[in-house]
Amino acid sequence: MSTSNERVIEPAGGRPANASLILLHGLGADGNDLAPIVPAFTLPDSVSLRTVLPHAPRLPVTVNGGMQMPAWYDILEMNLGRRVDENQLRVSAQRVHELIDAEIARGIDSRHIILAGFSQGGAVAYEAALTYPQPLGGLLALSTYFATADSIVPSDANRDLPIEVHHGTFDPVVPESLGREGAKRAEAMGHPLTYRSYPMQHAICPQQIAQISTWLGERLGDGVNEPAKS
């Protein structure tokens with residue numbers, strides 16, 4: 001059930017969900033920002049996907065002059081290292097863990113739960129996915145960076161979690177070099193990882209949606225057969 005803190009898109013046609021996608025938006029947006037891409041996913045008939053789109057809290061953001069806006073954490077410096085408030089980021093990651101717990105309580109196997117995030121939401125998704133204590137289905141990192149690569153304490157349950165990373169080659173907000181560096185760090189941790197670049201800025205393009213659909217199908221299609229009983 002949707003609350004004021006998240007938007008939930010249930011499977012079409014009233015089908016019971018047997019898989020879940022938790023999709024985190026970027027700075028200054030909310031859960032509705034990414035909702036339009038969800039109906040565009042083309043998934044195998046065996047996959048009945050519930051999508052959870054949380055809304056970030058309003059926080060003062062240092063690099064934006066302290067202005068309050070929807071943010072998963074404060075960004076302290078817009079340098080190549082992208083210095084952030086890691087404590088706030090981990091609070092947001094813990095909230096994602098609670099959302100995963102809720103999906104499991106509704107009957108979804110943890111291995112049929114995918115975490116995804118765009119930009120700032122992707123940095124939270126990296127932390128949340130790699131520290132969750134039960135095995136997940138995969139991590140999708142869109143136009144983002146691995147903000148906690150130096151301090152993360154990974155969970156053994158997700159040490160081999162598959163990761164799909166997408167980034168625009170003309171991104172003026174999160175330089176592609178940050179996306180590639182994050183992917184490199186995650187791959188060095190032992191994760192099977194695919195990196196894809198697209199001729200775009202800080203956005204999501206139709207070619208990506210097609211690739212995301214294929215990847216979700218690969219991650220969920222073979223392992224999901226019967227709808228969950230809630």
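The dialogue below treats a helix pair and then the nonpolar cores.

Mentor: This is a predicted model, in which local features need pLDDT of at least 70, side-chain atom pairs count only at pLDDT 80 or more, and totals for chains, interfaces and linings use all residues. Residues are numbered from 1 along each chain as its sequence is written, and side-chain values use heavy atoms, without hydrogens and water.

Trainee: At what angle do helix 1 and helix 2 pack?

Mentor: Axes are lines fitted to C-alpha atoms, for helices over the stretch in contact, and angles run from 0 to 180 degrees between N-to-C directions. Helix 1 (residues 86–105) packs against helix 2 (residues 120–131) at about 60°, the axes lying 9 Å apart.

Trainee: Which residues of helix 1 and helix 2 meet?

Mentor: Contact means heavy atoms within 4.5 Å. From helix 1, L89, R90, S92, A93, V96 and H97 meet A123, V124, E127, A128 and T131 of helix 2. These divide into 6 nonpolar, 3 polar and 2 charged residues.

Trainee: Which residues touch the most other members of the largest nonpolar core?

Mentor: In soluble globular proteins, nonpolar side chains tend to be buried together. A core joins buried residues (under 20% relative accessible area, 1.4 Å probe, protein chains only) through side-chain atoms within 4.5 Å. Here I22, Y73, L115 and Y145 touch the most other members of the 42-residue core. Helix 2 gives the most to this core, with 7 residues. Another core, of 22 residues, lies apart from it and includes I9, L34, L53 and L140.

Terms used
Helix = DSSP H or I, 4+ residues; strand = E, 2+ residues; numbered from the N terminus. Nonpolar A, V, L, I, M, F, W, Y, C, P; charged D, E, K, R; others polar. Buried < 20%, exposed > 50% of the residue type's maximum accessible area, 1.4 Å probe, protein only.
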